[in-house]
Amino acid sequence: VCSTSVLGPAVKRRSGTVRFDRLTGTAIVTIKADDMDDRGGPYGGVDGAVFSRRARMWWKVAAAKQSKVERLIAILKGSHGVILGDWDVDFRDGYGPDGDVFPLVNPGDDDPRNIKGMRLVGVSGQSGRIYSEDLRG
C-alpha cells in the first residue's frame, strides 16, 4: 500500500463546461488547494458545507451588488476553471456586518445544478471574486 502526504482536490472531474457569458446574478471566487489560517483546503472527504465556509467568507461584496447576487460558484485556482461548488444565495439573510459573508440558502447543497467538477470557461480565475457580466460596472 502506498500513501502520500499530498492531497488533491476533492472534486471528481465531470465532462462538460459552463460558459461564463451565460451566467447571471453570479459571484465567482477562486480557492487555493492549500489550508489558509483556520480555513481547511478542498480535500477529499470534505462535504459541501465545509467547502461552503471557505467559499462564502472573506469576500467583500459591494453593497450595491448584494441584492443582485443569486448564486456563488467556487473554482479551484490553477485548475483551468474546475468548479468546486455552486450555491444559491439569499441576500435577505444579509452579508454580515462587514459585507463579506455570502448568505447561502443551503450550505450543504454544493451542486444544485449538477455542474460541480465541470470547467468554467470564458473567464480566468484570479485572487478575489469575479462577477458575471450583468453585475459588473
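The legends below describe close-up views of a predicted model.

In this predicted model, local features need pLDDT of at least 70 and side-chain atom pairs count only at pLDDT 80 or more, while totals for chains, interfaces and linings use all residues. Residues are numbered from 1 along each chain as its sequence is written, and side-chain values use heavy atoms, with hydrogens and water left out.

**View 1**
Strand S2 (residues 26-31) runs antiparallel to S6 and is joined to S6 by three bridges, and Ile28 has Ile130 as its bridge partner in S6.

**View 1. The hairpin of S3 and S4.**
Strand S3 (residues 71-76) pairs with S4 in the antiparallel sense over five bridges, and Asp88 in S4 is the bridge partner of Arg71. Six residues lie between the strands of this hairpin, where Gly78 takes a positive phi near 80°. Strand S4 (residues 83-88) is largely enclosed by the rest of the structure, because five of its six residues are buried, buried being under 20% relative accessible area, exposed over 50% and partly exposed in between, with a 1.4 Å probe and protein chains only.

Side chains of opposite charge can pair when their charged atoms come close. With a salt bridge defined as a side-chain nitrogen of Lys or Arg within 4 Å of a carboxyl oxygen of Asp or Glu, the count comes to seven. Arg71 and Asp86 meet in one of them, at 2.8 Å from N to O, and this pair links distant parts of the chain, with Arg71 in strand S3 and Asp86 in strand S4, 15 residues apart. Arg71 is buried at a relative accessible area of 14%, and Asp86 is buried at 0%. Another salt bridge joins Arg113 to Asp88, with the closest N and O atoms 2.9 Å apart; here Arg113 lies in the loop between S4 and strand S5 (119-121) and Asp88 in strand S4, 25 residues apart. Arg113 is partly exposed, with a relative accessible area of 33%, and Asp88 likewise counts as partly exposed, at 31%. Arg71, Asp86, Asp88 and Arg113 are linked in a network of salt bridges.

**View 2. The surroundings of Asp86.**
The side chain of Asp86 is joined to that of Arg71 by a polar contact of 2.8 Å and to that of Arg113 by a polar contact of 2.9 Å. A polar contact is a pair of N or O atoms within 3.5 Å; within protein, one must be able to donate a hydrogen and the other to accept it, and residues adjacent in sequence count only if both atoms are side-chain atoms. Leaving aside neighbours within four places in sequence, the residues in contact with Asp86 include Leu72, Ile73, Asp109, Asp110, Pro112 and Ile115, contact meaning heavy atoms within 4.5 Å.

**View 3. Asn114 in the loop between S4 and S5.**
Asn114, which lies in the loop between S4 and S5, has a phi near 55°, a positive value in a residue other than glycine. Asn114 is exposed, with a relative accessible area of 51%.

**View 4. The nonpolar cores.**
A nonpolar core is a set of buried Ala, Val, Leu, Ile, Met, Phe, Trp, Tyr and Cys residues joined through side-chain atoms within 4.5 Å. The largest has 18 residues, and among those with the most contacts inside it are Val29, Val69, Leu72, Val89 and Phe102; S2, S3 and S4 each supply at least two residues of this core. Neighbours within four places in sequence set aside, Val89 is in contact with residues including Val69, Leu72, Tyr95, Phe102 and Leu104. A second, separate core of 12 residues includes Leu23, Ile73, Ile83 and Met118.

Definitions and conventions: Helix = DSSP H or I, 4+ residues; strand = E, 2+ residues; numbered from the N terminus. Pairing = 2+ DSSP bridges.
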